[in-house]
Amino acid sequence: MALIDLSMPLGVDTTPVPGHPCPELEPFHELERDGIRNTVLRMTLHTATHVDAPSHIVRDGLTIDQIDPSRLSREGVRVDLRTRATPDTPITLEDLAAGGFDPDEICDKIVVLNSGWSDQHVGTPMLYDQNPYLAHDAAIAIVQAAPSAIAVDFAIDRGQPWPNHQLALGAGILLVENLIGLDRLKRTGFWLTALPLKVVGGDGAPARAVAIDTD
């Protein structure tokens with residue numbers, strides 16, 4: 001059973017969210033000196049492929065260690081936005097419909113929004129610059145369809161006050177961000193798993209996201 005890796009590489013060249021520190025990897029133990037290798041990693045919890053917990057933006061929201069991991073291992077439905085998503089432009093309800101979004105089929109599943117943006121700009125400053133984002137009524141339609149999580153390859157908000165984050169996380173819908181290679185998924189017939197590190201009190205955590213073809 002082949003796994004499809006959807007995770008962004010994590011290293012010193014990973015593009016951070018603007019204003020966040022670049023990831024740092026510092027040797028702590030060295031093989032020649034200590035007989036073992038060990039490394040200190042410094043970065044924010046929202047770097048590269050990661051999961052947002054409600055506490056990321058919701059006062060008294062659940063932290064990442066309080067999330068049932070089954071919420072992040074579900075049947076997926078992919079919405080193909082690659083021909084509709086354009087730089088610095090909202091993705092509309094019409095765009096969702098054209099990409100195959102059907103609100104009646106995503107309840108308790110992971111809805112995957114595939115714009116192709118991260119594949120084009122991974123490792124570059126453009127990852128968070130002029131990216132497409134969700135129109136607020138499009139975000140409302142997705143949230144009202146009650147998926148377990150929304151998985152994306154683009155930043156869903158244009159900027160502060162992050163209304164789509166507030167909407168989704170406020171409704172208890174998790175966000176899986178900075179995925180790559182979503183074009184390898186079919187529209188349906190796959191299982192997506194994105195398990196975050198169990199960071200105590202964490203507002204999010206890095207995750208390794210993979211999919212399995214179930215057909």
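**Exercise 1. Where is Ala-48 found, between which two strands?**

Start with the ground rules. This is a predicted model, in which local features need pLDDT of at least 70, side-chain atom pairs count only at pLDDT 80 or more, and totals for chains, interfaces and linings use all residues. Residues are numbered from 1 along each chain as its sequence is written, and side-chain values use heavy atoms, leaving out hydrogens and water.

Step 1. Find the loop. Ala-48 is in the loop between β3 (38-42) and β4 (50-52). Strands here are DSSP runs of E with at least two residues, helices are runs of H or I with at least four, and both are numbered from the N terminus.

Step 2. Check the backbone. Phi of Ala-48 is near 55°, a positive value in a residue other than glycine. Most residues other than glycine have a negative phi.

Step 3. Check the cover. Ala-48 is buried, with a relative accessible area of 2%. Buried means under 20% relative accessible area, exposed over 50%, and partly exposed in between, with a 1.4 Å probe and protein chains only.

**Exercise 2. Trace the partners of strand β11.**

Step 1. Begin with β5. Strand β5 (residues 73-80) pairs with β11 (residues 190-196) in the antiparallel sense, over four bridges. Two strands pair if DSSP finds at least two bridges between them. Glu-75 has Trp-191 in β11 as its bridge partner.

Step 2. Go to β12. Strand β12 (residues 204-213) runs antiparallel to β11, and seven bridges join them. Ala-194 stands opposite Ala-209 in β12.

**Exercise 3. Work through the salt bridges.**

Step 1. Count them. The structure holds 12 salt bridges. A salt bridge is a side-chain nitrogen of Lys or Arg within 4 Å of a carboxyl oxygen of Asp or Glu. Side chains of opposite charge can pair when their charged atoms come close.

Step 2. Take Asp-95. Asp-95 forms a salt bridge with Arg-84, and the closest N and O atoms are 2.8 Å apart. Asp-95 lies in helix α2 (residues 93-98) and Arg-84 in the loop between β5 and β6 (90-91), so the pair ties together parts that are 11 residues apart in sequence. Asp-95 is buried at 8% relative accessible area, whereas Arg-84 is partly exposed at 30%.

Step 3. Take Asp-213. Its salt bridge is with Lys-186, with the closest N and O atoms 2.9 Å apart. This pair links distant parts of the chain: Asp-213 is in strand β12 and Lys-186 in the loop between β10 (174-177) and β11, 27 residues apart. Asp-213 is partly exposed at 40% relative accessibility. Lys-186 is partly exposed at 32%.

Step 4. Take Asp-34. The side chains of Asp-34 and Arg-33 meet in a salt bridge, 2.9 Å from N to O. Asp-34 counts as partly exposed at 34% relative accessibility, and Arg-33 as exposed at 55%.

Step 5. Look for a network. Salt bridges link Arg-78, Asp-80 and Arg-82 in one.
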